[in-house]
Amino acid sequence: MARNSVSIYQFADFNFDEFLKQFLFEISEHTTEDWSQPQTNPDDTLSPCGIIYHKAKRGVKKPDIIRCKIQYLQHLVIRRAHSKKDLGAFHLSSQILRAVIGDEYKTMLSVLIRMGHLVHGDGKNGNSVGEYYYYQVGMYSTIYSLPENIGFEKVTTSNARVLKYLQKECEQIQLYRQNVLQPLISNRFGPDFQKQYEISLSKIHIANKQGFQAFVEQRLEEKPEGRLYYEYIREGLEEKQKHIQKIDAAGRIYHILTNAKREVKQYLNIAISADCKNSHPMLFNFFIFRSHGINYEDAYQISLAMHSIENASQLRKSLSKLVASNLLDLFKYDELKYIYETSTGQFWDNIVKKFPEYDRAQVKEKMFAEVFYSKTHQVKGYQIFGRKFQKQFPNVMRLIKAWKKEENRAWIDAYMSKRNLSYNKPEAALSIAMMNLEARIFGEVLKRMYSKRWRAFHIHDCIIVPQTTSKNQPTRDEVISIMKDVYKVCGLLPTFD
């Protein structure tokens, strides 16, 4: 490795001697008491009910090597936790950990949990997984989070073994890109897509460094614990070569900017940023049209007509002048209202008005958790957003619930298998289906832009064109025109920011 020393992160109150003691105990043969078994001596309340014998596990026993491995593991855990927009649950790659420090990584993580440095699960519901993790890429073994207010510090090390682990991690990430990511992306979007995408992504950099620094300092005054996150974002944006980091089961692409807060964009060399308003709720219109057997051409005519309506007070009457009655008669009023609000970009604004005590981000999180991505087909009494949505859009909610019922597995399977999508339970199918639709739409938008030799990438529902010295730059109208054409193929017409 070219570097002689590096800065790594460690838990501030980490006691290596205690860790060593517990780790060596775990990998050695030992016994534990099991009070779930019947007592051998009922009269002796202090005697154990049973004894469990634990065989010795594989694991290094040399303290110097253990010290190096746990130094690396602490650094990885702290970095992964703080690379998220909001400090919370994160994944660890069993494949990379096993390749870097061996199978004892599992035991080391268990000891960190017992010592209070790590939480198994999302940190809110004990060992239960958070709302949105069932559709993540399969490379992740489990989910962890850091305890609240856990302290950490940056230290410098020149230990050759720790440096070797860090280098090995980089090599494993590169292998993952080549052996896992590249085939996945090529299969979904074509053989040249990743190359064009990463060339475009690498054109992005921090254009206003002073403004970015001032922004970071302001955020750190509000939340000092975010310092490591902004270091991660800054380092990623300053990397000359930027890469796709992962692609999930739905085909959504992730990179440094998908994990950057929205406010960061204003400090970058972005020439064009074209957002689709109300993108995710609007995508459900595709499934509403499909449920009524409406073809894409007729669906588009209905979507187009929505943009000619100024007031939804007499929505069906207004639409009757623009859409054939045999089509309108297929819809319930709340379905038309939903299509209208999402197509014209009013859906989130209207929800926010109904819940003024929540900010926009909170409203979106609650709506996804209680409506679109809910893990049950029933609305619980405490789910105020779910109950409000169900009252306002009962027939839309009925269709959403249909996607989550085991009795509908046959047609759900048919839809998912036709698009090569996998899912474990019906509750997960709709989220994957909606995100896959978005991924296919924006993948096609980018392919059309690449055919014109334009540089562009996306952040889920937003097309980004970096500012470059090339004269072959699209206009904003040209970008939106392509986006409209691709949405039209699916029978949709959103509103754009």
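## A positive patch

A surface patch, as the word is used here, is made of residues with over 30% relative accessible area and no salt bridge, with like charges joined within 9 Å. In this predicted model, K353, K354, K388 and K391 come together as a positive patch of that kind. Two helices each give two or more residues to the patch: α14, covering 347-354, and α16, covering 384-392.

K388 sits in helix α16. Is K388 buried, partly exposed or exposed? With a relative accessible area of 36%, K388 counts as partly exposed, and a patch residue needs over 30%.

## A covered strand

Now for strand β12, which spans residues 462-466. This one is mostly covered, with 5 of its 5 residues buried.

In a regular strand, side chains alternate between the two faces of the sheet. Here, C462, I464 and P466 are on one side of β12, while I463 and V465 are on the other. Both faces are covered, and the residues on each are all buried.

## The neighbours of β12

Which strands pair with β12? One of them is β10 (residues 270-275), which runs antiparallel to β12 and is joined to it by 5 bridges. Within this pairing, I270 stands opposite P466.

Another partner is β11, made of residues 457-458, which pairs with β12 over 2 bridges, again in the antiparallel sense. H458 has I463 of β12 as its bridge partner. Together, β11 and β12 make a hairpin with 3 residues between them. In that turn you'll find H460, with a positive phi of about 60 degrees.

Technical notes:
Residues numbered from 1 in each chain as written. Predicted model: local features only at pLDDT ≥ 70, side-chain atom pairs only at ≥ 80, totals over all residues. Heavy atoms only, no water. Patch = residues over 30% accessible without salt bridge, like charges linked within 9 Å, V, L, I, M, F, W, Y side chains within 5 Å. Areas by Shrake-Rupley, 256 points an atom, 1.4 Å probe, with all protein chains shown as cover. Salt bridge = Lys/Arg side-chain N within 4 Å of Asp/Glu carboxyl O. Lys, Arg positive; Asp, Glu negative; His and termini not counted. Charge placed at Lys NZ, Arg CZ, Asp CG, Glu CD. Helix = DSSP H or I, 4+ residues; strand = E, 2+ residues; numbered from the N terminus. Buried < 20%, exposed > 50% of the residue type's maximum accessible area, 1.4 Å probe, protein only. Pairing = 2+ DSSP bridges.
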